[in-house]
Amino acid sequence: MENYYQPEIECASREQIKAWQDERLVKTVKHVYEHVPYYRNLMEQKGVSPDDIKSTDDLHKLPFLTKDDLREAYPYGLLAVPLEDAVRIQSTSGTTGRRVVAFYTQHDLDLWEDCCARAIMAAGGTKEDVVHVCYGYGLFTGGPGLNGGSHKVGSLTLPMSSGNTERQLQFMCDLGSTILCCTPSYAAYLGETICERGLQDEIKLKAGIFGAEAWSQEMRRDIEQKLHIKAYDIYGLTEISGPGVSFECSEQTGMHINEDHFIAEIIDPVTGEVLPDGEKGELVFTCITKEAFPLIRYRTRDICVLNRKPCSCGRTHVKMSKPMGRSDDMLIVKGVNVFPSQIETVLLNKGYPANYQIIVSREHNSDKLEVQVEMTPEMFSDKLDEVSAREKELVDALKAMLGIYAKVQLVAPKHIARSEGKAVRIIDKRNLY
Ligand code: DLL
């Protein structure tokens, strides 16, 4: 069995990584220019030809690609191989507009599974592990990606998919699952249920690989404590392949981007200017090894920071921070930028569980921000003055963090609907778009 900790790649010198990226970028740009009329048009509009791209130093000359391009080119407009060579699609969970469909050849699936296998190995996974995958299967990339990665590691893979918590717990106890893969909100829910039922001693989990949505350090601590595991972050997006674009190592100070497959840039989301490492901005990816759907300079809308300092784990691939919000789902309330992650940090710091909903509305042309927060069973009390005091405390803490007033409504435990996939945190009733 191949060992998917690939030190010759993951710990390669920076010179070697640049050499791979230079060569692969040139090849990929030629490939899309020759096979995708949509790209050829975009490049011609910008007055750039494949001959102008000689190395990664020329990357900035290429046009950006956005989700709007993907929607416009739907369904086959960005497919870079003949249909007969594509073997799979995956699709985003997008609820508005046209769906985004990504294509894979067998080679692309293989490389994607390698990336996920690296993530599992980095979380301590080996062929002795029992990997419990309760990300959704089907069009969502979470289930298929981690499933394929787990196979490559040689672990026993439980393709549970999402939902049916009873069955999840039964298999987890009976089969002795050791690595849990799901969204952090579902992990928190499983942790809560396991504690309520006193099942802590019956589960054998040692690690979790959680991603697909934003989650704070406080939420990590909560999950780690309830499930007695080490919780690792994993990042990815359907357009670029799915989970495994980057992943955490044992140092847990950012996620290593698989730089032999993807080139990362950080840009100013307003001007599009490339920012130096260490500055916060929008993450942009260029795929350099894919055949069917090699997106170039794709704007993710995720706001991050890149860090190239050496990592104690030995990996040399650049690390990205946890996304700190999205340039498109940042809320602007009364003219102030509000990121859901800021609200979550306040709640978890004050000992509340990560079960909350942010409701924005507009009355008489003025924005109203309301946060509904679940209490823990210990906090839950019938005494109105105690609840009011708690609400007031949160209003003050949120004001200090956000700079604006947010109404707080504390609700009973389990009041807010649980999600088996990505949690729905924001309800914006303002119909702004
Ligand atoms: O969420 C792929 C995935 C599956 C990643 C399983 C990790 C684990 P999409 O549905 O296309 O793909 O959503 C991609 O989700 O642009 C981020 O905004 C967000 N996201 C993904 N991972 C993380 C993470 C999958 N670890 C979008 N932290 C991305 C914060 C994340 N946000």
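## Helix 9 and its surroundings

The buried residues of helix 9 pack against strand 5 (179–182), helix 8 (184–196), strand 6 (207–211), strand 7 (230–237), strand 8 (242–248) and helix 10. Packing here rests on contact, meaning heavy atoms within 4.5 Å. Helices (H or I, at least four residues) and strands (E, at least two) are DSSP runs, numbered from the N terminus. This is a predicted model, in which local features need pLDDT of at least 70 and side-chain atom pairs count only at pLDDT 80 or more, while totals for chains, interfaces and linings use all residues. Residues are numbered from 1 along each chain as its sequence is written, and side-chain values use heavy atoms, with hydrogens and water left out.

Which residues of helix 9 (residues 217–227) are buried? They are Glu 218, Met 219, Arg 220, Asp 222, Ile 223, Glu 224 and Leu 227. Buried means under 20% relative accessible area, exposed means over 50%, and partly exposed lies in between (1.4 Å probe, protein chains only). Just after helix 9 comes His 228, with a positive phi of about 55 degrees.

## Two helices that meet

Two packed helices are described by the angle between their axes and the distance between the axes. For helix 7 (residues 165–175) and helix 8, the angle is about 70 degrees and the axes are 11 Å apart. That makes helix 7 roughly perpendicular to helix 8. Angles under 35 degrees count as roughly parallel, over 145 as roughly antiparallel, 65 to 115 as roughly perpendicular and the rest as oblique. The axes are lines fitted to C-alpha atoms, for helices over the stretch in contact, and angles run from 0 to 180 degrees between N-to-C directions.

From helix 7, Thr 165, Gln 168, Leu 169 and Met 172 take part in the contact; from helix 8, they meet Tyr 186, Tyr 189, Leu 190, Thr 193 and Ile 194. These residues divide into six nonpolar, three polar and no charged. Here Ala, Val, Leu, Ile, Met, Phe, Trp, Tyr, Cys and Pro count as nonpolar, Asp, Glu, Lys and Arg as charged, and the others, Gly among them, as polar.

## Salt bridges

Side chains of opposite charge can pair when their charged atoms come close. The structure holds 28 salt bridges, each a side-chain nitrogen of Lys or Arg within 4 Å of a carboxyl oxygen of Asp or Glu. One of them joins Arg 197 to Glu 166, with the closest N and O atoms 2.7 Å apart. This pair links distant parts of the chain, 31 residues apart: Arg 197 lies in the loop between helix 8 and strand 6, and Glu 166 in helix 7. Arg 197 is partly exposed, at a relative accessible area of 42%, and Glu 166 is partly exposed at 48%.

## An open sheet

In what order do the four strands of the open sheet stand? The order is 19-18-17-20, with mixed pairing. Strands pair if DSSP finds at least two bridges between them. Strand 19 (407–411) and strand 20 (426–428) stand at the edges with a single partner strand each, so one side of each is left without a neighbour in the sheet.

Strand 18 (residues 366–374) and strand 19 run parallel, joined by five bridges. Gln 372 stands opposite Gln 409 in strand 19. Helix 11 (residues 384–402) packs on the sheet, touching strand 18 and strand 19.
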